[in-house]
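Please keep the sequence and the structure in view while reading.

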Amino acid sequence: AFPGLAQMAPDGKNILLDYELDGANGQQMLFSSCSQVNAVQDEAVTPHQFKLLRLLRINCRAAELYLNSAPSSRSFFPQTLTASFASELPAQAVPDRGGDSLDMRKGALMGRYEKDLRIDTIDGNHLSVTLTDGDKITYVILARVDVDGDHKEDWIMRLDWSSPDSFGDGLDLIVLSKPSKEEGFIIHWRYK
């Protein structure tokens with residue numbers, strides 16, 4: 001789920017990349033580290049590859065979260081992804097499109113908020129759904145670790161989305177937590 005990931009550095013505190021993008025100046029841009037990805041300005045890549053740059057940035061941020069996390073000693077997450085998992089997600093577990101798009105969803109569960117929540121595919125660490133408005137989201141589990149230091153498993157998840165009606169698409173990143181068996185899933189952190 002991380003295109004361009006070459007290997008974990010021997011010290012276990014960094015990752016090595018092998019990825020190229022087309023520069024706006026016509027030159028190839030080779031990335032071998034996340035610090036290079038984070039340092040490049042949006043305008044430095046050709047516009048048609050901006051989504052790939054964002055994918056690299058989000059994956060690098062996920063890798064940073066992973067590298068700064070610890071193994072968990074307990075988990076209240078399901079062993080595998082299921083259709084019921086999608087309906088139990090917080091309704092805010094959708095891409096942040098700015099404005100008050102997330103505020104309207106606060107406190108609701110996905111299965112109750114969406115009048116028509118369709119499960120498209122469940123495959124390993126991927127779960128694809130179609131929302132009521134036709135938007136499609138693929139939830140990709142990038143890592144299962146203790147991000148917040150409470151010794152309980154958290155999921156670092158990338159949201160790959162598309163909006164066929166408006167021809168939009170993009171990526172988002174969240175950390176999903178489940179504090180106990182009785183409590184529901186919460187979004188602990190979101191990429192900004």
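The model is predicted, so local features need pLDDT of at least 70 and side-chain atom pairs count only at pLDDT 80 or more, while totals for chains, interfaces and linings use all residues. Residues are numbered from 1 along each chain as its sequence is written, and side-chain values use heavy atoms, with hydrogens and water left out.

Asp 172 is placed in strand β9; helices (H or I, at least four residues) and strands (E, at least two) are DSSP runs, numbered from the N terminus. With a relative accessible area of 3%, Asp 172 is buried, where buried means under 20% relative accessible area, exposed over 50% and partly exposed in between (1.4 Å probe, protein chains only). Not counting residues up to four places away in sequence, Asp 172 touches several residues, including Ile 58, Val 94, Met 157 and Tyr 191; such contact means heavy atoms within 4.5 Å.

Trp 161 lies in strand β8 (residues 154-163) and counts as buried at 15% relative accessibility. The charged end of Arg 97 sits over the ring of Trp 161, 4.3 Å from its centre. A charge sits over a ring if NZ of Lys or CZ of Arg is within 6 Å of the ring centre and within 35 degrees of the ring normal. Lys 178 likewise lies over the face of Phe 185, at 5.6 Å from the ring centre.

Rings of Phe, Tyr and Trp (its six-membered ring) pair if their centres lie within 6.5 Å; planes under 30 degrees apart count as stacked, over 60 as edge-to-face and the rest as tilted. The rings of Phe 85 and Phe 185 have centres 5.1 Å apart and planes at 70 degrees, so this pair is edge-to-face. Because Phe 85 lies in helix α3 (residues 83-88) and Phe 185 in the loop between β9 (168-177) and β10 (186-190), the pair ties together parts that are 100 residues apart in sequence. Both Phe 85 and Phe 185 are buried, and together with Phe 77 and Trp 155 they form one aromatic cluster.

Which residues have the most contacts inside the largest nonpolar core? They are Phe 85, Ile 137, Tyr 139, Trp 155, Met 157 and Leu 176, in a core of 22 residues. A nonpolar core is a set of buried Ala, Val, Leu, Ile, Met, Phe, Trp, Tyr and Cys residues joined through side-chain atoms within 4.5 Å. Strand β8 gives the most to this core, with four residues. A second, separate core of 15 residues includes Leu 17, Val 37, Leu 56 and Ala 63.

Since Cys 34 lies in helix α1 (residues 34-39) and Cys 60 in helix α2 (residues 50-67), the pair ties together parts that are 26 residues apart in sequence. The torsion about the S-S bond of Cys 34 and Cys 60 is about -85 degrees, so the disulfide is left-handed. Cys 34 and Cys 60 are both buried.

Terms used. Disulfide = S-S within 2.5 Å.
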